[in-house]
Amino acid sequence: MAAQGDFYVSNAILIRSADGVGIITLNRPEVLNAWDKPMRDQLVSALDTMEADSEIRAVILTGAGDRAFGAGQDFAEGKTFDSDRAEDWVKEWERLYDRMRSLSKPIVAALNGLAAGSAFQVALLCDLRVGHPGVRMGQPEINTGIASTTGPWMMRELIGLARTIDLTLTGRMMEAEECHRIGLINRLVPPDQVMEEALQLAQHLASKPPIAMRLNRQRFREMTEPGFRDCLAAGVRIQRESYGSGEPTRLMETFLAQRAARKGTSRPHN
């Protein structure tokens with residue numbers, strides 16, 4: 001990966017390097033970079049590539065297009081889950097989140113629009129976040145019957161229990177200004193400056209002593225590891241019950257049907 005330029009790990013992930021910084025792009029813009037199993041797996045592979053490359057000293061994570069960093073879980077996948085698949089789903093997230101947490105190199109999120117649900121969680125696992133005034137972030141899973149376990153743990157660590165309860169139970173989305181005010185967005189810049197600002201920030205982090213950087217990230221992981229493992233164990237239990245009830249499937253199917261109807265009515269008539 002030492003050479004400059006783009007190449008694909010797969011159709012869902014694009015990676016490139018620039019002056020000691022590895023840039024990973026979630027590349028499913030047709031569904032607002034919504035998560036499915038291939039994209040989760042391929043992001044783990046991309047992070048493995050970054051970790052193994054000694055010339056990469058920091059990482060930027062962003063989304064393709066200008067509408068979304070990520071829209072959360074892909075309902076086309078999620079609506080097929082039963083209890084057993086929901087347990088496997090939690091384990092897939094554990095693999096990705098553990099890879100992000102164990103990386104020796106700092107991660108900067110370059111937010112380009114919506115960051116909802118699991119994409120919000122991925123952004124929170126990054127060390128720093130750069131966004132623009134059009135960014136919206138939040139945990140809207142309750143609106144489609146998905147129980148939240150990892151998200152509340154992350155939010156409580158960063159913004160406290162009261163705000164975590166608000167965001168989890170209402171499912172509301174925060175505007176960029178609120179995110180910046182409470183510390184979830186570290187740098188707020190115009191949309192056309194997000195990547196430039198993220199690159200400057202990542203290069204600044206890349207200039208720091210690498211052993212100290214690795215040990216600092218390691219210590220943050222150690223400090224939060226008990227809560228992380230607890231939320232994953234709870235996730236298996238809770239998601240098995242949730243998907244076993246059929247509620248998420250019904251609500252996701254309703255959402256997808258309503259979206260298809262909206263698209264149908266928006267088409268021009270002959």
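Biologist: Which residues do ring pairs link into a cluster?

Modeller: Ring pairs link W35, W93 and Y97 into a cluster, where rings of Phe, Tyr and Trp (its six-membered ring) pair if their centres lie within 6.5 Å, and planes under 30 degrees apart count as stacked, over 60 as edge-to-face and the rest as tilted. This is a predicted model, in which local features need pLDDT of at least 70 and side-chain atom pairs count only at pLDDT 80 or more, while totals for chains, interfaces and linings use all residues. Residues are numbered from 1 along each chain as its sequence is written, and side-chain values use heavy atoms, with hydrogens and water left out.

Biologist: How many aromatic pairs does the rule give, and what describes a pair of aromatic rings?

Modeller: A pair of aromatic rings is described by the distance of the centres and the angle of the planes. By the ring rule the count comes to seven aromatic pairs. F81 and Y243 form a tilted pair, at 5.5 Å centre to centre and with 55° between the planes. F81 lies in the loop between α2 (75-78) and α3 (83-102), whereas Y243 belongs to helix α9 (residues 210-245), so the pair ties together parts that are 162 residues apart in sequence. Helices here are DSSP runs (H or I, at least four residues), as are strands (E, at least two), numbered from the N terminus.

Biologist: Are F81 and Y243 buried or exposed?

Modeller: Buried means under 20% relative accessible area, exposed over 50%, and partly exposed in between (1.4 Å probe, protein chains only); both F81 and Y243 are buried.

Biologist: Which parts does the pair of W153 and F228 tie together?

Modeller: W153 and F228 form a tilted aromatic pair, with 5.5 Å centre to centre and 40° between the planes. W153 lies in helix α5 (residues 150-159) and F228 in helix α9, so this pair ties together parts that are 75 residues apart in sequence. W153 counts as buried at 8% relative accessibility, and F228 counts as buried at 0%.

Biologist: Which residue lies over the face of F228?

Modeller: A charge sits over a ring if NZ of Lys or CZ of Arg is within 6 Å of the ring centre and within 35 degrees of the ring normal. In this model R101 lies over the face of F228, at 4.4 Å from the ring centre.

Biologist: What does the secondary structure of the protein chain come to, and what percentage of its residues count as buried?

Modeller: The protein chain has 10 helices and 11 strands, and 52% of its 270 residues count as buried.
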